[in-house]
Amino acid sequence: MSPRVRHVLGIDIGTASSKAVLTTTDGDVVARASRPHVTSFPRPGWAEHDAESLWWADFCALAADILAGSAHPPDAVCVS
């Protein structure tokens with residue numbers, strides 16, 4: 001990691017919701033955010049999401065929420 005990186009942004013796009021967490025490089029949680037979403041079940045045993053409209057939209061919204069609510073500059077964040 002770059003010596004300038006002081007925080008790590010982790011994002012999980014799950015079946016029923018998407019979650020994000022901003023931590024220090026030591027693992028201390030600085031901020032959290034989440035967004036529920038609808039999952040399509042087109043037939044028994046199948047679960048689907050539209051990558052463009054759900055995954056990317058959730059990723060962008062969560063990253064914006066976490067960074068807007070924190071005092072940490074985006075250039076000090078590593079996304080994993």
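Modeller: Let's start with a term: a contact means that heavy atoms lie within 4.5 Å. Keep in mind as well that this is a predicted model.

Biologist: Thanks! Which residues does Asp 58 touch, not counting residues up to four places away in sequence?

Modeller: By that contact cut-off of 4.5 Å, Asp 58 touches Ile 13, Ser 18, Arg 35 and His 37. Asp 58 itself sits in helix 1, which covers residues 51-68.

Biologist: Why does Asp 58 count as buried?

Modeller: Buried means under 20% relative accessible area. Asp 58 has 5% relative accessibility, so Asp 58 counts as buried. Helix 1 has other buried residues too, including Leu 54, Ala 61, Leu 62 and Ile 66.

Biologist: What covers the buried residues of helix 1?

Modeller: The cover includes strand 1, strand 2 and strand 3. As for the helix in general, an α-helix has 3.6 residues a turn, so residues three or four places apart point the same way.

Biologist: How do you know what span to expect for helix 1?

Modeller: The expected span is 1.5 Å times one less than the number of residues. Helix 1 has 18 residues, and the expected value is 26 Å. From its first C-alpha to its last, helix 1 reaches 24 Å, which is close to that.

Biologist: Now the strands. Why is strand 1 described as largely enclosed by the rest of the structure?

Modeller: Strand 1 spans residues 7-13, and five of its seven residues are buried, so the rest of the structure largely encloses this strand.

Biologist: What makes strand 1 and strand 2 a pair?

Modeller: Two strands pair if there are at least two bridges between them. Seven bridges join strand 1 to strand 2, so by that rule they pair. The two strands run antiparallel, and a hairpin of three residues connects them. As one example of a bridge, Ile 11 has Ala 20 in strand 2 as its partner.

Biologist: Where is confidence lowest, and where is it highest?

Modeller: Confidence is lowest in strand 4, residues 77-79, with a mean of 64. Strand 3, residues 29-36, has the highest confidence, at 91. Over the protein chain, the mean pLDDT is 82, and 81% of the residues reach 70 or more.

Notes. Residues are numbered from 1 along each chain as its sequence is written. This is a predicted model: local features need pLDDT of at least 70, side-chain atom pairs count only at pLDDT 80 or more; totals for chains, interfaces and linings use all residues. Side-chain values use heavy atoms; hydrogens and water are left out. Helices (H or I, at least four residues) and strands (E, at least two) are DSSP runs, numbered from the N terminus. Buried means under 20% relative accessible area, exposed over 50%, partly exposed in between (1.4 Å probe, protein chains only). pLDDT is the predictor's confidence in each residue, from 0 to 100.
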